[in-house]
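Please keep the sequence and the model in view while reading.

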Amino acid sequence: MNSLLSLRDLTVLRGACPVVDHITLSVAPGECIGLIGPNGAGKTTLLRGALGLLPAMGESSLAALPARDRARAVAWMPQAREIAWPVTVERLIALGRIPHLPHGARLGPADRAAVEDAIARMGLDAYRTRTATQLSGGEQAQVLIARALAQETPLLIADEPTAGLDPAHQIATMEVFATLAAEGRSVIVSLHDLGLAARHCSRLLMLNRGQLVADGPPAEVLAPARVAEVFGITAFYEDTGDGPVFQPMRVTR
Ligand SMILES: Nc1ncnc2c1ncn2[C@@H]1O[C@H](COP(=O)(O)OP(=O)(O)OP(=O)(O)O)[C@@H](O)[C@H]1O
């Protein structure tokens, strides 16, 4: 099976301290992976190190790629949602096609189809002529997810993409990711909402103090003892007829 990302002993130091500590994992096609862990666990640092955006020790298959190849292998949606120019939504989403265009070339039919597909998946048709900088924070987040989708990469990595979205848009976004996985692409998404992680991800990576403390199906990773130890909470977890339900209940420390 070909891997879309492979990390071997990836380590990122801040000063002398490893904030990502010897992480080894690999991502196969068709996975919707949730990256979870408390504040400061190292989630963003792991993602940025894997992408080659931060100096890291160890190996990352993506960081090793030349920039243009990397932009065709992975789309990255960072936590900071900065839209620099007052362009239309449609134009901003079309920027996701840049890695596929020869230098200076205009969008071709395949590029326009990818933009339309991204707009449809994110339900943004009514927004396409709006000025992106004038949208609400949640609307901007959806547009930036659409731009990443338009990049049509085998792997999409998104850092807290559901933060600031209302419940319907959170669910819809996670369903878009799960659909990409069902189509054979893969997604790594960092999440603080463990309910969304339990419900929509096929695999969870749990980080604590820079270390990968669990990697597997949500029901295994979210075992009560581990959730108590890592997050300091108790939680309700049940596999219902309508899928898994995870609800944090109490702080235990
Ligand atoms: N530029 C930096 N200099 C020093 N320490 C840093 C720097 N960036 C991050 N850190 C530290 O590295 C650790 C991991 O940070 P990181 O942002 O990866 O965590 P996170 O799991 O994404 O957290 P959150 O859920 O709060 O966004 C934290 O302790 C943070 O304070």
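## Basis and contacts

Contact is taken here to mean heavy atoms within 4.5 Å. The model is predicted, so that local features need pLDDT of at least 70 and side-chain atom pairs count only at pLDDT 80 or more, while totals for chains, interfaces and linings use all residues. Residues are numbered from 1 along each chain as its sequence is written, and side-chain values use heavy atoms, with hydrogens and water left out.

With residues up to four places away in sequence not counted, Phe-177 touches Cys-32, Ile-145, Leu-156, Ala-158, Pro-161, Val-187 and Val-189.

## Nonpolar cores

A nonpolar core is a set of buried Ala, Val, Leu, Ile, Met, Phe, Trp, Tyr and Cys residues joined through side-chain atoms within 4.5 Å, where buried means under 20% relative accessible area with a 1.4 Å probe and protein chains only. The largest such core has 48 residues, and those that touch the most other members are Ile-36, Ile-93, Leu-149, Leu-156, Phe-177, Met-206 and Leu-222. Helix 5 (residues 137–150) supplies the largest share of this core, 7 residues. Another core, of 25 residues, lies apart from it and includes Val-20, Leu-47, Leu-51 and Ala-73.

## Sheet and helix

Helices (H or I, at least four residues) and strands (E, at least two) are DSSP runs numbered from the N terminus, and two strands pair if DSSP finds at least two bridges between them. An open sheet of 3 strands has antiparallel pairing in the order 2-1-4, with strand 2 (17–27) and strand 4 (57–60) as its edge strands, each pairing on one side only.

Strand 1 (residues 5–14) is joined to strand 4 by 3 bridges, and the two run antiparallel; Leu-7 stands opposite Ser-60 in strand 4.

Terms used:
Buried < 20%, exposed > 50% of the residue type's maximum accessible area, 1.4 Å probe, protein only.
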